[in-house]
Amino acid sequence: MKILITCKLPDQLLLPLKEKYEIVMAETENEPMSRKRLLSEIEEADGLFTNVADTIDEEVFDRAKHLKVVSTMAVGYDNIDLEAAKERGILVGHTPGVLTEATADLTFALLMATGRRLLEGMDVIREDQWKSWGPFFLTGQEIYGKTIGIIGMGRIGLGVAKRAKGFSMDILYHNRSRKEEAEVELGARYVEFDELLEQADYVVLLAPSTKETYHMMGAAQFNKMKESAVFINTSRGPNVDEDALYEALQSNQIWAAGLDVFQTEPIDAKHKLLTLKNVTALPHIGSAAIETRMNMARLAINNLVNGLEGNALVHQVK
Ligand SMILES: NC(=O)C1=CN([C@@H]2O[C@H](COP(=O)(O)OP(=O)(O)OC[C@H]3O[C@@H](n4cnc5c(N)ncnc54)[C@H](OP(=O)(O)O)[C@@H]3O)[C@@H](O)[C@H]2O)C=CC1
Ligand SMILES: O=CC(=O)O
């Protein structure tokens with residue numbers, strides 16, 4: 001059977017696969033396989049190992065003659081057409097859990113970097129603009145004891161809430177369902193969406209990208225936030241109306257934003273959001289810790305092999 005891998009994986013992960021399967025893989029590190037090659041190679045593939053950089057849509061499924069399983073090295077699967085997979089009886093696997101803590105770490109790090117203007121500070125030094133200690137030089141927002149509002153209190157949301165608890169923050173959250181663990185263990189309070197926006201000093205978005213969450217943060221939502229509030233998005237770009245976010249930031253309607261994800265990735269270096277000093281931007285590195293990425297890759301390989309061998313996937317997208 002043939003496995004198509006759209007990114008370059010380390011040899012140590014591939015050796016056991018090579019004994020049994022024919023492997024076709026991207027050659028260049030940190031550069032996805034071209035769409036053209038993906039569309040061509042998928043024709044004979046039995047299994048596809050993918051990630052958030054690929055769009056696995058109807059066109060891909062239409063080309064595939066033997067495909068049995070799609071395994072993404074990610075927890076989010078909004079880049080995969082699940083309906084098209086289901087119609088063709090193709091299983092889809094993903095990697096929840098193993099990336100929770102690393103992504104929660106990054107989300108909290110981004111919250112702190114944005115609130116306290118860390119990257120601006122580095123820019124000031126690099127540009128030789130550090131003239132002296134000033135009473136209000138590069139002053140940011142306090143974090144300890146402030147209110148955090150988490151939209152999407154799932155695995156990663158809960159991880160962020162645990163970190164917030166360590167900073168004595170009041171924790172508000174909004175979901176479609178109540179999360180008892182967060183309420184009982186951390187004293188998190190469930191509130192309506194608008195109340196969260198109005199009360200939180202830090203609004204953290206961690207809901208998946210779905211039809212329902214598309215542009216869930218738009219002009220009306222930014223308008224409800226405090227002028228001193230910081231917005232953090234480590235979920236998915238399409239959850240945010242970037243034009244509305246730009247307006248809110250450049251008019252100081254909200255104080256700052258920390259963004260790890262964007263509508264189009266990679267974001268154009270000339271994008272208007274990147275011209276703003278009150279934006280801290282990262283290149284979708286939420287889960288990018290070495291151990292985490294190895295665990296994600298191993299889990300995605302297990303999903304793939306299980307699917308190819310007719311066994312249950314460790315984590316199948318339902
Ligand atoms: N930046 C990065 O590198 C990474 C980003 N991610 C993103 O983080 C997301 C969350 O991951 P994870 O925590 O593991 O997933 P979970 O499924 O555990 O959590 C998602 C939460 O969002 C809630 N939710 C779903 N729809 C809505 C809605 N319409 N409004 C409010 N809340 C909603 C769900 O609760 P309920 O269903 O009750 O509403 C659930 O609690 C991923 O889908 C992915 O997009 C993940 C890893 C790394
Ligand atoms: O964005 C990353 C993911 O795992 O989802």
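Where does Trp133 lie in this chain? Trp133 sits in the loop between α6 (118-126) and β6. Let's start there and then walk through the rest.

First, some ground rules. What we have is a predicted model, where local features need pLDDT of at least 70, side-chain atom pairs count only at pLDDT 80 or more, and totals for chains, interfaces and linings use all residues. Residues are numbered from 1 along each chain as its sequence is written, while chains are lettered from A and ligands numbered from 1 in the order in which they are written.

Back to our tryptophan. Trp133 counts as exposed because it has 6 C-beta neighbours inside 10 Å. The cut-offs here are 20 or more other C-beta atoms within 10 Å for buried, 12 or fewer for exposed, and partly exposed in between, with C-beta atoms placed from the backbone. Trp133 and Met1 are 132 residues apart in sequence, and their C-alpha atoms are 65 Å apart in space. The loop between α6 and β6 also holds Asp128. Asp128 has a phi near 60 degrees, which is a positive value in a residue other than glycine. With 7 other C-beta atoms within 10 Å, Asp128 is exposed.

Now the whole chain. It has 12 helices and 12 strands. Those are DSSP runs numbered from the N terminus: H or I with at least four residues for helices, E with at least two for strands. The radius of gyration is 21 Å, close to the 20 Å that the globule rule gives for 318 residues, so the chain is as compact as a globular protein of that length. That radius is taken over C-alpha atoms, and the rule is 2.2 Å times the number of residues to the power 0.38. Along the principal axes, the C-alpha atoms fill a box of roughly 65 × 50 × 35 Å. Buried residues make up 40% of the 318 residues. Among contacts with a separation of 6 or more, 61% are between residues 24 or more positions apart; a contact needs two C-beta atoms, placed from the backbone, within 7 Å.

What does the record say? UniProt, in an unreviewed entry, places "domain: D-isomer specific 2-hydroxyacid dehydrogenase catalytic" at residues 5-317. It also places "domain: D-isomer specific 2-hydroxyacid dehydrogenase NAD-binding", again from an unreviewed entry, at residues 108-286. UniProt positions are in the numbering used here, feature names are shortened, and annotations may be inferred rather than shown by experiment. Residues 108-286 are 32% helix and 15% strand, and the end C-alpha atoms lie 10 Å apart.

Let's zoom in on one helix, α7, at residues 155-166. Its 12 residues reach 17 Å from first C-alpha to last, close to the 16 Å expected at 1.5 Å a residue; that expected span is 1.5 Å times one less than the number of residues. Buried residues in α7 include Ile156, Leu158, Val160 and Ala164. The buried residues of α7 pack against α5 (100-115), β6 (147-151), β7 (170-174), α8 (180-186) and β9 (202-205). Just after α7, Ser168 takes a positive phi of about 50 degrees.

How many residues surround ligand 1? There are 31, the closest being Gly152, Gly154, Arg176, Pro208 and Gly286. To be in that shell, a residue's C-beta atom, placed from the backbone, must lie within 6 Å. The largest share, 3 residues, comes from α7. By class, the shell divides into 10 nonpolar, 16 polar and 5 charged. Here Ala, Val, Leu, Ile, Met, Phe, Trp, Tyr, Cys and Pro count as nonpolar, Asp, Glu, Lys and Arg as charged, and the others, Gly among them, as polar. Around ligand 2 we find Val52, Ala74, Val75, Gly76, Leu99, Gly286 and Ser287. That shell has 4 nonpolar, 3 polar and no charged residues.

A cis peptide bond joins Glu265 and Pro266, with omega about -5 degrees. Pro266 is in the loop between β11 (256-259) and β12 (279-281). His284, in the loop between β12 and α12 (290-308), has a positive phi near 50 degrees.

Finally, look at Val317, in the segment after α12. Val317 and Gly93 are 224 residues apart along the chain, yet their C-alpha atoms are separated by 5.5 Å. Leaving aside neighbours within four places in sequence, Val317 is in contact with Tyr77, Leu82, Val92, Gly93 and His94.
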